[in-house]
Amino acid sequence: MIIIKKELSAIALAACMVFTGCGNKTSGSSSVNVPAKNTDSSSSVQETAGNKEDTVITIGLMIEPEDKGFIKAIEDFNNADNGCRIETKLMSSRFEADGGEHGWTEDEVANVDFNTLQMIMNEGGLDIIGGSTFGDSAKYELLKQKGTFVDLYQFMENDPEVNTSTLNQHILELNEIDGKLYNIPMFYDVHTIISKSEYGGTTQNWTIDEFIDRWNSMPAGSTIEGANCAEYIFFNLLRENLPAFVDEENAKVSFDSEDFRKMLEFCKQFPSNNGENANYNYNAPMLTSPYTIRSVGAAVYNEMNYQTWEQKQYRLRDGGYTLVGFPTSDRKGAYLSTSFPGWSICADSSDEKQQAAWKFIRQFYTEEDQTENVVWKEEYIDDKGEKKVSYSIDNTGFCINNAARKKIAENIISGMYDPDEPVYAQGHEITIDKLKLDEKDCQFIEDYIASIDRWDVDVDRELWQIVMDEVMAYLRGGQDIDKTIDMIQNRASLWVSERY
């Protein structure tokens, strides 16, 4: 694990740690270390001895992967004797032999990313780039805006397995830039807010005014996701929706909008915790909680009683709980995103290398590979000596491959992945009267996803920090709302104009 000494955003940290797509998984998460070797050398992924005339495709990685599936994908490709060979090139030589307790500083990560950008923009030498090429994956998003990559649609036209018919077209369209597709996310999930209909009604996707009106009608002592301090309510309602105020394509920000101001003023009405740990009360009435949807199983919401450790389930389509999105004036607060942005092919690579690069990356979008990366199968012997099979669904998200997504949904409905053993949380066995999913529940989730027309991209760490600096000063009484808005908008506008 990489540990960043200074405070980094969760997005930046995930970009440092997670490697996209990788055949058969052997564990729940990728374990990575940084090898102590020169950045000009390839990683310790063993290169298969091949014909010297093979077309060599170079993948840029910030650190060396240990994910066995990813390594195997490279080895299988190199062993296929298809005239192509994959090599990896590391962007950093930093290695923490102690397991990473002393880790990287922000400056070290920024320096690696800067040098990587310089190499990509000015020198070439890389054919495939992804979010895991950088410590801050927002730099990857920047390159998409700069025309660094080729349009993947041209390769999909003649591909019988990976094309606009076999992949989720809605997700592809949301990832287009001026009609071109520079990368394909492997998986996707939904970020929204959920509210118990007893408090918020059954209208989906609230406006800011509707949100405030509902809060004002809540009983005394109510919370927002168990919190009642300004900072944590800001985190839950506004920081989670920060990309809505950044237009990277047009190099503009809108932190001076009425939406941002109104939501920030709402957060300020709560007392500041001045940087201390917040006190949570999850048994108090809660108006809203963030809700991430990564499978059709989320069509049934589990309400937990933290006193009795009992769960009660609600079908979302029945109206007991409502998906209300992050409050925005246009009712478009819910958004889609991915932790696995896939790969891009560099435009300055030769046509021959581009074709070879597509041969490699396309395998991560087939039905077989996508299914294996979401559902893990484990065979074991129980206490009675009987052979058992268990399944677990990763938090990867929905497969972009239509057939894989459908197959997994069907298996969830059938109960194939249900655990045989009791479920525990914090040492307590969870008791639950379980509802059985059906096709209508799946369709409810599919319809909600289809209604969302926002795709979230990573906010650069520096821009994130600009907002956090000024917002924290406001919430803790250091400056008024007008100065806060002006400072964020001016600083962020200057920063965006310089970067984009």
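Is Thr58 buried or exposed? Let us walk through this structure point by point and come to that residue first.

1. **Thr58 and the ground rules.** Thr58 counts as buried, because its relative accessibility is 12% and buried means under 20% relative accessible area, with exposed over 50% and partly exposed in between (1.4 Å probe, protein chains only). Please keep in mind that this is a predicted model, in which local features need pLDDT of at least 70 and side-chain atom pairs count only at pLDDT 80 or more, while totals for chains, interfaces and linings use all residues. Residues are numbered from 1 along each chain as its sequence is written, and side-chain values use heavy atoms, with hydrogens and water left out.

2. **Where Thr58 sits.** You will find Thr58 in strand S2, residues 55–61. Helices (H or I, at least four residues) and strands (E, at least two) are DSSP runs, numbered from the N terminus. Not counting residues up to four places away in sequence, Thr58 touches Glu87, Lys89, Gly125, Leu126, Asp127 and Ile128; contact means heavy atoms within 4.5 Å.

3. **The whole protein.** Stepping back, the protein has 16 helices and 20 strands. Of its 500 residues, 52% are buried. Take the contacts between residues at least 6 apart in sequence: 78% of them join residues at least 24 apart.

4. **Two nonpolar cores.** A nonpolar core is a set of buried Ala, Val, Leu, Ile, Met, Phe, Trp, Tyr and Cys residues joined through side-chain atoms within 4.5 Å. The largest one has 69 residues, and the members that touch the most others are Ile184, Trp343, Trp358 and Phe360. Leaving aside neighbours within four places in sequence, the contacts of Ile184 include Leu152, Met156, Trp343, Trp358 and Ile400. A second, separate core holds 45 residues, among them Trp206, Phe211, Phe245 and Val253.

5. **Phe155, a buried residue.** Phe155 belongs to helix H5, residues 153–156. With 5% relative accessibility, Phe155 counts as buried. Beyond residues up to four places away in sequence, Phe155 touches Val150, Ile345, Gln354, Gln355 and Trp358. Phe155 and Gln354 are 199 residues apart along the chain, yet their C-alpha atoms are separated by 9.2 Å.

6. **Glu173, for contrast.** Glu173 is part of helix H6, residues 169–174. Its relative accessible area is 43%, so Glu173 is partly exposed. Glu173 and Trp455 lie 282 residues apart in sequence and 9.8 Å apart in space, C-alpha to C-alpha.

7. **Helix H4, an enclosed helix.** Why is helix H4 described as largely enclosed by the rest of the structure? Because 7 of the 8 residues in this helix (residues 138–145) are buried. They are Ala138, Lys139, Tyr140, Glu141, Leu142, Leu143 and Lys144. Their cover includes helix H3 (106–123), strand S5 (128–130), strand S14 (343–345) and helix H16 (481–499). Just after H4, Gly147 has a positive phi of about 75°.

8. **H2 against H11.** Two packed helices are described by the angle between their axes and the distance between the axes. Here, axes are lines fitted to C-alpha atoms, for helices over the stretch in contact, and angles run from 0 to 180 degrees between N-to-C directions. The axes of H2 (residues 68–79) and H11 (residues 351–361) come within 10 Å and cross at roughly 130°. H2 and H11 are therefore oblique to each other: angles under 35 degrees count as roughly parallel, over 145 as roughly antiparallel, 65 to 115 as roughly perpendicular and the rest as oblique. Ala73, Ile74 and Phe77 of H2 make the contact with Ala356, Lys359 and Phe360 of H11.

9. **H8 against H10.** In helix H8 (residues 208–216), the buried residues are Ile208, Glu210, Phe211, Ile212, Arg214 and Trp215. What covers them includes helix H7 (197–200), helix H9 (230–237) and helix H10 (258–268). H8 and H10 pack at an angle of about 15°, with axes 11 Å apart, and that makes H8 roughly parallel to H10. From H8, Ile208, Asp209, Phe211, Ile212 and Trp215 meet Asp259, Lys262, Met263 and Phe266 of H10.
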